[in-house]
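Visitor: I am new to this one. Could you show it to me and take me through it?

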Amino acid sequence: MNFKRKIQFLFSSLTVLALGIALAGCSSSKSSTAPNNKVTHITYWHVNAQTQGGAAVNTLVKNFNKTHKNIKVTAKYNPNMYQGLMQNLQSAQASDKVPDIVQVGWAYTNYFADNFKYLTPTQASQKFDSNNKFINNNFSSRTLSFAKSSQGKLVGLPYSLSTPILYLNKTMLDKYQIKTTELTTWQGVAAAARKIKQQSGNYGLYIQEPADTWAQQSLMLSNGAKIQKNGKAVFATKKGIEAYQLYQDLVKENVAVHTPWAQGIDDFVNGKVAMAFTTVAQASHIKQSVNFAAISIAAPHFKDEKTVVPVGGSMLAITAQKTAQQKAAWTFEKYMYQNNSLLTWSKGTGYLPPTKNAFNSKQFKTYLKANPMLKPAAQLINKAVPWTSFPKNGLQAEQTMIDARDKILSGSNVATTLKNAQEKINDQQ
């Protein structure tokens with residue numbers, strides 16, 4: 001081999017060697033950063049105490065983490081229901097430390113849409129699935145309407161669906177010869193409550209008092225009142241005042257108990273209150289806790305009116321800001337809407353499944369048959385109206401309504417208090 005050919009051979013050999021080293025380096029780098037070796041951490045904020053689905057949340061998150069090795073979900077309970085979560089979310093956004101997926105109560109749909117950064121379900125499905133099949137195949141247009149802002153934008157996906165129902169201590173009612181047919185109107189409920197108080201000394205009624213006025217809005221709606229119109233509060237009418245007056249009178253007479261939600265439910269399950277008007281999401285807790293015959297009936301209405309109930313519960317909204325966390329949150333959401341997941345959720349709470357497939361599934365129908373306390377809500381859910389959601393200052397508006405409730409139940413003039421609350425809310429909008 002002459003000198004020139006030796007140089008060419010040496011050069012070729014060095015080139016091949018260098019290329020091999022480069023390729024080996026690329027392969028090593030790719031292996032060390034492969035997506036399969038990465039774990040994306042996301043945080044899920046919810047409002048479910050142990051008496052209202054906390055254990056079910058833990059089960060769902062644990063099962064998801066077992067089956068999705070590349071995603072780790074950490075659930076965080078927020079006390080004070082949806083109002084408390086919104087307040088915490090305000091602080092988190094101010095410090096740029098937002099969670100990745102949150103439960104948003106229906107009352108705060110517009111407030112959330114106007115004040116927070118989020119990825120809509122439509123955007124998520126297009127970004128990560130390249131289509132909207134998951135949304136269209138699982139949710140009815142009516143159910144989706146609960147999760148839309150006043151501008152018609154889908155903010156999140158419906159997750160918890162409920163209506164208020166009237167739970168009864170049937171053992172106590174039978175003892176004092178009160179029939180369920182007498183309890184279809186609020187006037188009938190009031191008469192039965194007074195009878196219970198007079199003959200047993202126990203309270204006759206408890207209407208839930210969490211950090212929202214969902215149950216009280218149902219009371220007014222079922223007397224023909226309206227809560228808002230065109231974004232403005234309109235509840236301080238004759239019908240709204242009449243509904244609250246009946247409520248206040250029962251509290252003044254010491255027939256209905258005025259106490260925080262957890263205590264009120266405890267009083268019912270401990271046999272100190274004959275009737276409790278609260279969410280179907282308390283059904284599992286009540287069934288597991290009472291030592292008397294407990295049943296439920298549909299929400300009452302006032303005479304010459306019809307039952308009108310606002311839908312309760314929440315939607316799931318994605319607040320993650322980075323693509324990896326958004327994708328993980330969307331994956332977690334889709335897992336939460338699987339039939340088995342929703343059945344776990346319903347069994348742990350009493351909430352009704354939000355998807356068409358789960359609601360009509362054989363498994364849920366079997367569960368419903370075995371748990372008749374859910375039936376009144378299941379029968380009413382298709383007639384439920386959206387829970388009032390004031391735009392822009394919805395957090396302040398709900399607090400104003402809570403303050404009005406507490407003032408009325410403490411003895412203030414019903415008409416004056418409602419009118420002042422209505423004016424304050426409208427001034428804030």
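Predicted model: local features only at pLDDT ≥ 70, side-chain atom pairs only at ≥ 80, totals over all residues.

Visitor: How many helices and strands does the protein chain have?

Guide: The protein chain has 20 helices and 11 strands. Its C-alpha atoms fill a box of roughly 120 × 50 × 30 Å along the principal axes.

Visitor: What about contacts in the protein chain between residues at least 6 apart in sequence?

Guide: Of those contacts, 76% join residues at least 24 apart.

Visitor: Let us turn to helix α12. Which of its residues are buried?

Guide: Helix α12 covers residues 261–269, and W261, G264, I265, D267, F268 and V269 are buried there.

Visitor: What covers them?

Guide: The cover includes helices α3 (81–94) and α13 (283–289), together with strands β5 (164–169), β6 (203–207) and β9 (273–279). After α12 comes G271, which has a positive phi near 80°.

Visitor: Changing topic, where does E333 lie?

Guide: E333 belongs to helix α14, residues 323–336. E333 is buried but has no salt bridge.

Visitor: Which side chain of opposite charge is nearest to E333?

Guide: That is K334, 9.4 Å away.

Visitor: Then what is E333 in contact with, leaving aside neighbours within four places in sequence?

Guide: E333 is in contact with I101, L157, L316, A317 and I318.

Terms used: Residues numbered from 1 in each chain as written. Heavy atoms only, no water. Helix = DSSP H or I, 4+ residues; strand = E, 2+ residues; numbered from the N terminus. Contact = heavy atoms within 4.5 Å. Buried < 20%, exposed > 50% of the residue type's maximum accessible area, 1.4 Å probe, protein only. Lys, Arg positive; Asp, Glu negative; His and termini not counted. Salt bridge = Lys/Arg side-chain N within 4 Å of Asp/Glu carboxyl O.
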